[in-house]
Amino acid sequence: MTTTSDRLHRAGDGVSDPILEVKNASVTYDDGDTYVLDDVTFSIERNEILGVVGESGSGKSMLASALLDAIPAPGHLSGEVLYHPDPDTTVDVLEFSDAELNEFRWAEVSMVFQGAMSSFNPTMKVGAHFEDTLKAHDRSVPEGLEFAREILSDLYLDPDRVLDSYPHELSGGMQQRALIALSLLLEPEVLVMDEPTAALDLLMQRSILLLLEDIKEKYDVTMVFITHDLPLVASLADRMAVMYAFELVEAGPRDQLINDSSHPYTRALLNSTPNIDAPLEDMRPIPGKSPAPVNVPAGCSYADRCPLATETCRESDPAFEPVEAGHTVACHHWERAAEAIELTFGEAAAVGGDAEGDPQ
Amino acid sequence: MGHYYLRRTARAFVTVFLVTSLSFGLIRLLPGGPFTLLRANLLRQGVPASEVDARIASLQNIQPDAPLWRQYLDYMGAAAQGDFGTSISLDEPVAQIIAEAVPWTVFIVLVSTVLIFVFGILLGAIQAYWEGSRFDQLVSGASITLMSVPFYVVAVLALFVFAYQFGWFPTAGTVGPTVEPGLTMEFVTSALNHAALPIFSYTITGIGGQALAMRGNSIQVLGNDYVEVARLRGLSDRRIATRYVARNAILPLYTGFLLLLGFRLGGTVILEQIFSYPGLGYYMWSALESNDYPLMMGTFLVITVALVIGVYIADLTYGLIDPRISRGETDAY
Amino acid sequence: MPTEAEDSEPVSWQSDSGVSADVTRGERLSELFEERVRKPAIVAWADRRTRVGLSILAVYVGMAIVAVFDLYRAPSTNQAPQLVGPFESWSHPLGTTMSGVDLLSLIIHSTPDILLMIIAGSVWATGVAVVVGTLAGYKGGATDRVLMSISDVVMAIPGLPLVIILAVTFNPQNPIVLGILININYWAGLGRSLRSQVLTIREDSYVEASRTMGVGTPRIILKDIVPNLMPYVTVNFVFAARYVVFASIGLFFLGVLPYSVQNWGVTLNYAYNGGALFTWEAAHWLLFPMIAIMGLSLALILLGQGMDRVFNPRVRTRLAESSESTRETDDATEGY
């Protein structure tokens, strides 16, 4: 435990009561030649909503799977994933036996995948998915279903209708909410959501986000919300982390990360975000391509696209440095980032919460 | 939904009606016409020329000198009552010949098709589970090879080796000549013994295709998110394999099963001829040989009706086993 | 841009669905060539099965050329001693039949007609299926209902018996007519599945765009829809061809089709009826035509399998799965 807190203080991420800690997690394919998650370390505070932002292919789905030790078959996960069911207990998820892992997944840490339609077996009624899950974990089916009805009602669904329907008979938004209910069925401590709203229209995204806040309060879960949509998660998260090319590049409390972003990539990401108020010419796509997992360059992986890049950046990988309390960034030149890359939505963003209104 | 069933039933009847009409039309096109041979036969038997037409009418339900529409109505009316006239070559009512032949053909086709699906599904599922293994490669290779062998080639070879050369199986017939029909041990063994080679050659050549199809479907299903989610939800491998993978992989094979049934019913014409196995196909072929048009058309119609009924049943039941199709998918647009 | 609403990760990477609305027609055509002709050809050739299949097929085409240009003696009775065993003499490498016909010449001289028959049959089956499938799928409404009802009826007639009756009725001699006759109702099932594909394609944005711009139906079908069906059609062309091989030779063997046409099935029939069943000495008479049949159908199946792998996204996806993460990245960068 001492080493853990040491590291935490060194990382300065401001997490005092972590429920999950990920340390030096890497996911490799092809016998270690291909990295799709590269030495990621971060913690999740009990009862917070952590937003993880990254473009598609930045490894954020791998991060989600790593939390449940559920990396798809040929991939190999190394490092540590520590779970603290209470502040004084620590278990390493990667050390679990198969049986322990089965009990841990869904009951302790549960997950909502992107694309609810594909998460349900098309030839089984939604209710049967709930029953299967309860039976697999030796829970009482009638009681479990009673609880399921409660969650479904809280998500503004008609429990009887949903449980008695086949997945294809429900709309996308209904499926997504049914999937969220399924993930809460065993009252997990942590709920990991990987692009839970990507397939939905803006209105539905918005209403699901609002529901999530209520759900979080009522069912007392810690949430990890993974998305490519920065404004979306900014409206919800307590803390945020930004991923680029299979690495974490910046993490911190929401307002600091938005208003005071210190990594050039985070700033570029904010500038590339469509904003209905901003004129089109103010939108700045990020030039260049993000590296493929086979040829992640030495040094900072963002160097090729970064206006601040110097020789140092190409040669050495930047370590995390504290910007302010709880706000850390992996960049050699973070102190220059703010003046070099001006946020185009400047004034609007100064009022932190405003970013949430952007998608509309 | 009721609407769909109603329409589906109507279509089955329309199909049978159209095929029957087609057979009527085809008879008229046959070389020498439908009655030439019969007329010659009757004359040779010493039937007075004046009575020949009447005899033909009584045998074939068609009056040769009646106008075409009249002939057509008579033909259709008789066919509707299951009366296909009298066989010229065997001098027996066609309906009776067919009634004796049908069970054997159905027996062979059904048993071999079920065997194909059982083995194909099992092999394909195991292959998909161990995708890329030696077993997978071996079975895939064998499947492709088997797919390229026509069943009649296996039939001729099996007949050559196991019946003629080794004498393990009979070379003709459905049961031994002295065996009385009935639910006796002797009858059942004899029937199985006679059916063994036809079923074998009809089965072995079909397994490969089904195994490959099942393998492909299973691999596709295994790659679906819902299988991964089920695993995360802690479901047992067994439950996932049966309810999540197998069911979704087998479903698309169901409609293929029907098309196959049709092809295989038709194929009996060749199969039963090779083994001299007196089923529907055998009689169709021998009717062909002897220009026995009533028998030929009777067998053709019965084979068609059997197929129509098969497809009909499957169409109606598909909605029951696949919830996504429950509202009659064919009419979605 | 990573924040675009559509830019969710499951964007399928195959070209089938990747064509977006804002691409001009010219770009789309050249892309179409790239995506549908060049790349598939490369991928197909990379598959061992395609290569083996094509090689075997080349042997048959070679045999056909030999026969057409009369480079090998034509079969005739008593051109050789009776029932010479295989590999016993150089002048009759595959042996001879009961009536002293050179078996190799029988097999070679059967090939041109068989190939002709196969091509005719599969062109007919796929051609009718494409017309019926696209018309029914694109026009919908009454056209669709009528065409599909006809297909359903045709599909319900068992193929082989129908062919037999038609063969007896019309007694065709021409291999092209024979090929068409054998696949007389093969198009129905294929047409039905093509129709359901058309139903999906016509909802695609670029088809909708063409429609809104007032492009005529024939043009839309030809330019926008048929090219998208080609993969499926190609694969089924091969399977239709295999069916012609199986059925035609079976019917020749049965003696339903005219003996005057040179065919492996006829040879098989003579062997079967000529007593080859009773003695090992005549086994080669049975075996070599069988091998010729199986070789050709093996070639077609391998070809079909190889092409299926190219065109079938699910097989292709699976193939590329080990490098999924690479792909994910490529995908992401397309937005820029």
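Over residues 22–270 of chain A, the chain is 39% helix and 25% strand, and the end C-alpha atoms are 26 Å apart. Helices (H or I, at least four residues) and strands (E, at least two) are DSSP runs, numbered from the N terminus.

A word on the model. This is a predicted model: local features need pLDDT of at least 70, side-chain atom pairs count only at pLDDT 80 or more, and totals for chains, interfaces and linings use all residues. Residues are numbered from 1 along each chain as its sequence is written, and chains are lettered from A, ligands numbered from 1, in the order in which they are written.

Now the sheet. Chain A has an open sheet of four strands, order 2-1-4-5, with antiparallel pairing. Strands pair if DSSP finds at least two bridges between them. At the edges are strand 2 (34–45) and strand 5 (91–92) of chain A, each pairing on one side only. Strand 1 (residues 18–29) and strand 4 (residues 76–83) of chain A pair over seven bridges. A:Ser26 stands opposite A:Ser78 in strand 4 of chain A.

Most residues other than glycine have a negative phi. A:Asp220 has a positive one, near 60 degrees. A:Asp220 sits in the loop between helix 8 (202–219) and strand 8 (222–227) of chain A. Buried or exposed? A:Asp220 is exposed, with 11 other C-beta atoms within 10 Å. The cut-offs: buried is 20 or more such atoms within 10 Å, exposed is 12 or fewer, partly exposed is in between, with C-beta atoms placed from the backbone. A:Ala245 also has a positive phi, about 45 degrees. A:Ala245 is buried, with 25 other C-beta atoms within 10 Å.

On to chain B. How many of its residues are in contact with chain C? The count is 44 residues of chain B, against 38 of chain C. Contact puts C-beta atoms, placed from the backbone, within 7 Å. Helix 10 of chain B gives the largest share of that side, nine residues. That side of chain B divides into 32 nonpolar, eleven polar and one charged. Nonpolar is Ala, Val, Leu, Ile, Met, Phe, Trp, Tyr, Cys and Pro; charged is Asp, Glu, Lys and Arg; the others, Gly among them, are polar.

Terms used. Two residues are in contact if their C-beta atoms, placed from the backbone, lie within 7 Å.
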